[in-house]
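Dear colleague,

Please find below the structure that I am handing over to you.

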Amino acid sequence: MTFNDPFWLILVKVLAIFVLLVLMTLFTIWAERRIVSRMQHRIGPNRTGPQGLLQSLMDGIKLALKEDITPTGAHKAVFILAPIISTGPAFLTFAVIPFGPEVSIFGHKTPLQLTDFPVSVLYVLAVASVGIYGIVLAGWSSNSTYSLLGGLRSSAQMISYEIAMGLSFVAVFLYAGSMSTSQIIEKQTGMWFILLLLPSFAIYAISMVGETNRAPFDLPEAEGELVGGFHTEYSSLKFALFFLAEYVNMVTVSAMATTLFLGGWRAPWPLSTWEGANTGWVPFVWWLCKVFVFLFVFIWLRGTLPRMRYDQFMKFGWKVLIPSSIVWLLIVATARALRNNTSMDTRGLLVSAAVILLVIVGISAVVERQRIATTERAAAAKLEREQHARQLYPVPASAADVASEAPQAQVVAVEAGEERNA
Amino acid sequence: MTAVFWICALLSVAGAFGMVFSRKAVHSALWLALTMVNLAVLYVSQQAEFLGIVQVVVYTGAVMMLFLFVLMIVGVDSSDSLVETIRGHRGASIAAVSALLVLVVTMVSQGMQTMAINRDPVGLARANSDEGGNVQGIAKLLFGRYVFAFEVTSALLITAVLGAMVLAHRDRIRALPGQEELSRQRLMNPATAAGLPAPGVYARHNAVDTPALLPDGSVAENSLPGALQLRGVAHDVREEVAVTRAAELAADPTQAQEDES
């Protein structure tokens, strides 16, 4: 399903996508610093350029001019290859993202999209899975424990959350009847899939944060445990490439969310009544707005939530996200089959099923909280009883008690020691 | 299309050779990944988009990644030994490879003969137009004619997964201490309430393998990670401390008396 563009037009599109992504990265870094500052009652970078807009450009130049260190003991070829593998796929994904409907560029009618083919959403998944290689190899080739652990953690995380992400796509495929990005957008003319497939969107929104290694799921870069994670040993331009890849990936998953659930470049409801809202160059503005909303949420999350613990995070992915998306998928497939075979309207069924599913998840979360709270209360009561018992029957101070965990006994021991010293 | 074929074909053959001739297991895995990605591109360029993408997702993305996981634990510096460990395996592999070679040559020559009779392979175009695309065609076959084989395969895989879990599972002897329990344990003991002492910082060393010194000049053993002590790679600062101390004493003899008291 190529668009029969002349060669020069393909080149123009490629260049435009590359420039757009680099600009988006620079802008997102600036926006992140400014917005997080605002959330923390600070001002943030405001010196370089108007409102500090050129700050990330300057930082980039500075980063590129720094000394490039290759640690001794690193595996040199793979060490150089890793950031390239990480960055390349990040850019490649954007080849299938539609930015707008058909426009005319220098007299040529062509859609605002580099290419499209029948399985282009799967292509995004495939390319993302190649990108993980960059992280794994970076961790391995640095020959450093922190890097290796960070790399393994990061790839385990991305692989696990890719499953949940892929499952959330399936519902969209079932309803769009296609895996091509442009046709999925076409199918959302009447109603965006976020309304019809709300649980899928929720699962995708969570897993996309895990997939990009962003807060609160930024465990691979948990400073307190792993220094910088897989890029601990990287500096200068190679580090900049990892940085670039992370932000491009953020833009990519946001664009995918826009494409699959928010109608892509289609105008939101009150605006869509205007005739010209979905033709020409205007829809690019809607697309950009939607992507910025997602990017803002990324930043907002980072400013709000603390980092999760690794085992909690994995448990959440495997025991909550994947099973619930499979259950949801079952419902969607049933509804779809009913609609195909009996031609009954299943929208009401779907929406009510979504509500029921959300209620079940909510109730189980509350129950779990209650359970934890009860066990905590029981433990606290037990501790109190034990302390009370110790006060009633004081244990004679001995060396063994100092190492034990009874506070009263330790106080006694410390006092006894002071008396001896005196 | 021809250009794509030549580039990808050469790269995938190069990857295959690299995989066989690499000494390090990780290098072999990387070469194999290169081969697989190139095969995927070849599939896509021959209108089998779905197959190509699945090749990348399943083989390059999942299988090779798991493989790499295992290999990475081995570390950067290790490489395979070339000593023959199984007796006669060289001869056996030569026999197997030549058998495979005969098979491939026969198949290709058969294919060439068929091609010579009927130059246009009609299969792909017709399959795509009949079902409306790759995905629909494969879906119709998998969930239609071959649905039984498909279900049996999935049952087999699930059994294998369960078997692996049963084999790899072991019960904990005691419950894993949680975050709360650990922090309570730490705070209840005055010796560790404020955390263990940090490693030493001196003019020449400030890495984790350098112990801190206690006020009396002796080495604080618990300022070092246990693993470093066990491996015996911790930095020995006692000699340097002794030298510094001697110099200090020479400069100020009154300190010696203070130390005594």
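What volume does the largest cavity have? Please bear in mind throughout that this is a predicted model. The volume of the largest cavity comes to about 360 Å³. A search of the whole structure for cavities of 30 Å³ or more finds one. The largest cavity is lined by 27 residues, and those closest to its centre are A:Ala128, A:Met158, A:Glu211, A:Thr212 and A:Asn249. Several helices of chain A each supply at least two residues of this lining: helix 3 (76–92), helix 4 (120–141), helix 5 (145–176), helix 8 (198–211) and helix 10 (236–261). By class, the lining of the largest cavity divides into 17 nonpolar, seven polar and three charged residues.

I turn next to the pockets.

The largest pocket holds about 2000 Å³ of space. Its lining consists of 45 residues, and A:Leu122, A:Val170, A:Phe173, A:Met179 and B:Phe50 lie nearest the centre of the pocket. Both chains take part in this lining: helix 4, helix 5 and helix 13 (310–342) of chain A each supply at least two residues, as do helix 3, helix 6 (134–145) and helix 7 (147–168) of chain B. The lining of the largest pocket has 29 nonpolar, 13 polar and three charged residues.

In the second largest pocket there is about 1300 Å³ of space. A total of 39 residues line the second largest pocket, and A:Leu92, A:Val130, B:Val37, B:Val41 and B:Val56 are the closest to its centre. Two or more residues of this lining come from each of helix 3 and helix 4 of chain A, and from each of helix 1 (2–21), helix 2 and helix 3 of chain B. Helix 2 of chain B gives the most to the lining of the second largest pocket, namely ten residues. Sorted by class, the lining of the second largest pocket comprises 28 nonpolar, nine polar and two charged residues.

The contact between the two chains is described next.

Chain A contributes 32 residues to the contact, and chain B contributes 29 residues. The size of an interface is often given as the accessible area lost when the parts come together. Between chain B and chain A the buried area is about 2700 Å², and carbon and sulfur atoms give 76% of this area. Three residue pairs are in polar contact between chain B and chain A, counting pairs with both residues at pLDDT 80 or more. On the side of chain B that touches chain A, at least two residues come from each of helix 2 (25–45), helix 3 (49–72) and helix 8 (179–188) of chain B. Helix 3 of chain B provides the largest share of that side, with twelve residues. The residues of the side of chain B that touches chain A comprise 17 nonpolar, seven polar and five charged.

Which count of salt bridges does the rule find across the interface of chain B and chain A? The count across the interface of chain B and chain A is zero. Over all chains, a search of the whole structure finds nine salt bridges. In one salt bridge, the side chains of A:Asp68 and A:Lys238 meet at 3.1 Å, N to O. A:Asp68 lies in the loop between helix 2 (55–65) and helix 3 of chain A, while A:Lys238 lies in helix 10 of chain A, so the pair ties together parts that are 170 residues apart in sequence.

Yours sincerely

Notes: Residues are numbered from 1 along each chain as its sequence is written. Chains are lettered from A and ligands numbered from 1 in the order in which they are written. This is a predicted model: local features need pLDDT of at least 70, side-chain atom pairs count only at pLDDT 80 or more; totals for chains, interfaces and linings use all residues. Side-chain values use heavy atoms; hydrogens and water are left out. Contact means heavy atoms within 4.5 Å. Buried area is the accessible area (1.4 Å probe) that two parts lose on being put together, summed over both. A salt bridge is a side-chain nitrogen of Lys or Arg within 4 Å of a carboxyl oxygen of Asp or Glu. A polar contact is a pair of N or O atoms within 3.5 Å; within protein, one must be able to donate a hydrogen and the other to accept it, and residues adjacent in sequence count only if both atoms are side-chain atoms. Helices (H or I, at least four residues) and strands (E, at least two) are DSSP runs, numbered from the N terminus. Ala, Val, Leu, Ile, Met, Phe, Trp, Tyr, Cys and Pro count as nonpolar, Asp, Glu, Lys and Arg as charged, and the others, Gly among them, as polar. On a 1 Å grid over the protein atoms alone, a cavity is a set of points where a 1.4 Å probe fits but cannot get out, and a pocket is an open set with protein on both sides within 12 Å along at least five of seven lines; lining residues have an atom within 4 Å of a point. Grid points are joined across faces, edges and corners, and a volume is the space filled by probe spheres set on the points.
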